[in-house]
Amino acid sequence: MSLAYAVTNAASGLAVGAFTLNSGSISNAAYLNDADIGNRASFNSAGNLLIVDLGSAQSLTGVAILNHNVTSLTGNQGFRVRAADDIGITAGVINPKTSSTLNATAPAAKDHVLQFAATAAKRYWELAFDVAAAQTIYLGEVMLFTSVQLSRQRIYGSGEAEEILGTKQRMQYGTTRASYLGGPIRRLEWKWADLTAAQRIELRTMWAAARGFVTPLLLIFSYEAVSTAAAAAEQECLYGNLEKNEFRWAEHDYLLYGPDDLLLRGMGREVGS
């Protein structure tokens, strides 16, 4: 098990017409690829097949669905990916990932990734949500990506934090009033030690690809290249921003390096999430 990440979304910049359903229409379809998971599109689960037209064949290694409500709906709470050469998903069809039951355990219940056994190049991608009819599916972002694997894992002492966002005001006579805004927001705090020069460069490449704290990054907790159903650990991911505007490292031993801790803060979600 190793980490992986992706920065570029193959769906970025697509017009709203690139997203269609097998039945019905999508409300606020522009939110599906705006790189802001706090904005969510919605559609009736009768149209549970979401098709993305990338405009031309694109090589991908996985798909992520971010800030969704599928695990809170009735049904099998499954997710499946197919791809083809036509919008009807009938020509040159491939099944890069078996249907997987989505992990419904917090804090990973709203963000999931499915990784393929091998790179797949197709124009049309079908995302299937296995839930009962007559429900509303909310979806903050669809990310179709080619991931980059890291050859080293974090070390002991790494961890996570979750933060509730709100305001608190002290009133006259000592009374306090608080207002809830959102959260919990996840934050990863991962440590590194004794990296080779090549492994140090891998982290630096990731930091540069995300332009420090500027561009959102998808971090995949467990890199897997299999076509079988994804276990819960293989679905876990976090979409957010690195809290680093500089990349620093020190040589702790001869040709062994210790970069600064990796701090990745999950992107904010809709108010009240």
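Buried means under 20% relative accessible area, exposed means over 50%, and partly exposed covers what lies in between. With 46% relative accessibility, Arg248 therefore counts as partly exposed. This is a predicted model, and the values below are computed from it.

## Salt bridges

The structure holds 14 salt bridges. Three of them are listed here.

| Asp111 | Arg269 | 2.4 Å |

Take the pair of Arg269 and Asp111, whose side chains meet in a salt bridge. Arg269 sits in the segment after strand 17 (262-266), while Asp111 belongs to strand 7, so the contact ties together parts that are 158 residues apart in sequence. Is Asp111 buried or exposed? Its relative accessibility is 3%, so Asp111 counts as buried.

Asp260 is in the loop between strand 16 (256-259) and strand 17, and Arg248 is in the loop between strand 14 and strand 15 (249-253), so the pair ties together parts that are 12 residues apart in sequence. Asp260 has 26% relative accessibility and therefore counts as partly exposed. Which residues make up the network that includes this pair? Salt bridges with shared partners join Lys244, Glu246, Arg248 and Asp260.

## Largest pocket

The largest pocket has a volume of about 200 Å³. Its lining has 16 residues. Pro107, Lys110, Gly183, Pro184 and Arg269 lie nearest the centre. Arg269 is also the salt-bridge partner of Asp111.

## Nonpolar cores

The largest nonpolar core has 34 residues. Phe19, Ile26, Leu50, Phe79, Trp125 and Phe129 touch the most other members. The elements that give two or more residues to this core are strand 2 (19-21), strand 3 (41-44), strand 4 (49-66), strand 5 (78-84), strand 7 (111-130), strand 8 (136-139) and strand 9 (141-145). Another core lies apart from it and has 18 residues, among them Tyr5, Leu150, Leu203 and Leu219.

## Strand 5 and its partners

How many bridges join strand 5 to strand 7? There are 7, and the two strands run antiparallel. Within this pairing, Arg82 stands opposite Glu126 of strand 7.

Strand 5 also pairs with strand 6 (residues 94-101). That pairing is antiparallel too and spans 4 bridges. Here Phe79 has Ser100 of strand 6 as its bridge partner. Phe79 is also among the core residues that touch the most other members.

Terms used: Residues numbered from 1 in each chain as written. Predicted model: local features only at pLDDT ≥ 70, side-chain atom pairs only at ≥ 80, totals over all residues. Heavy atoms only, no water. 1 Å grid on protein atoms, 1.4 Å probe; cavity = no way out; pocket = protein on both sides within 12 Å on 5 of 7 lines; lining within 4 Å. Points joined across faces, edges and corners; volume = space filled by probe spheres on them. Core = buried A, V, L, I, M, F, W, Y, C linked by side-chain atoms within 4.5 Å. Buried < 20%, exposed > 50% of the residue type's maximum accessible area, 1.4 Å probe, protein only. Pairing = 2+ DSSP bridges. Salt bridge = Lys/Arg side-chain N within 4 Å of Asp/Glu carboxyl O.
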